[in-house]
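I opened this entry to look up charged pairs and helix packing. The notes below are in the order in which I checked things.

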Amino acid sequence: MRYVLASGSPRRKELLSKVIPDYEVIPAVGEENAKATEPDELVEELSFQKASEIFHKVFTNDTERLVVIGADTVVSYNRKVLGKPVSRSDAAAMIKSFAGDTHAVYTGVTVFYTDEKGEVRNFTFHEETLVDVAPMTDEEIESYVATGEPDDKAGAYGVQGLFAIYISGIKGDYYNVVGLPIARLYKEMKAHKLL
């Protein structure tokens, strides 16, 4: 079986290697335009677009079975989606909004694959994890934003990085917050006989 990850995220690459040791990386480059506004539906729609784009780019009718995995992660506070910050001040505003409170992180995963008969199939799911953030002073927020760590991350923070000192609790899958719910992915791929 040929496995492809439709994401260039170093965190997703590292996590997927725990499930599939040998796979290729072909990041999706298509324009993200989703109709969904609810965070759980949004991540499912975007992960579907990414997996579909790469699957249809590399799929040929040869004999090797193909499995393409796409994922998308968003942070949601009070049902408002917080994507990647557009500036450092945007990052600070995001963090300030949920500091001292609980927010949700959603990751949608879509797997496009060919079954034993060569038929094209797919499935999509999402995971939700609740993250508690300790109260933070303006100085702590500014200091964290100045590190540059929030620049390319949904919700303007990395749970596995310097922001870890402000995480006071997690309910759900930690790896979902990092960017790929690997336990659920493993279970789903086994159920679909893809491992």
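I am working on a predicted model, where local features need pLDDT of at least 70, side-chain atom pairs count only at pLDDT 80 or more, and totals for chains, interfaces and linings use all residues. Residues are numbered from 1 along each chain as its sequence is written, and side-chain values use heavy atoms, with hydrogens and water left out.

**Salt bridges.** I took a salt bridge as a side-chain nitrogen of Lys or Arg within 4 Å of a carboxyl oxygen of Asp or Glu. I got 13 salt bridges by this rule.

I looked up aspartate 72 and lysine 50, whose side chains form a salt bridge at 2.8 Å, N to O. Aspartate 72 is in strand E3 (residues 66–77) and lysine 50 in helix H2 (residues 39–58), so this pair ties together parts 22 residues apart in sequence. Helices (H or I, at least four residues) and strands (E, at least two) are DSSP runs, numbered from the N terminus. Are the two residues buried or exposed? I found both aspartate 72 and lysine 50 buried; buried means under 20% relative accessible area, exposed over 50%, and partly exposed in between, with a 1.4 Å probe and protein chains only.

I then checked aspartate 152, which has a salt bridge to lysine 153 with the closest N and O atoms 3.2 Å apart. Aspartate 152 is partly exposed at 40%, while lysine 153 is buried at 12%. A network of salt bridges links Arg11, Asp152 and Lys153.

**Helix H2.** The buried residues of H2 include Leu42, Val43, Leu46, Lys50, Ile54 and Phe55. I found that the buried residues of H2 pack against strands E1 (2–5), E3, E4 (80–82), E5 (102–114) and E6 (120–133).

**H3 against H4.** I noted a salt bridge between the side chains of lysine 96 and aspartate 138 at 2.7 Å, N to O. Lysine 96 lies in helix H3 (residues 88–98) and aspartate 138 in helix H4 (residues 138–146), so the pair ties together parts 42 residues apart in sequence. Lysine 96 is partly exposed at 48% relative accessible area, and aspartate 138 is partly exposed at 43%.

How do I describe the packing? H3 and H4 pack at about 135°, with axes 10 Å apart. The contact, meaning heavy atoms within 4.5 Å, is made by residues including Ala91, Ile95 and Lys96 of H3 and Asp138, Ile141 and Val145 of H4.

Terms used. Axes fitted to C-alpha atoms, helices over the stretch in contact; angles between N-to-C directions.
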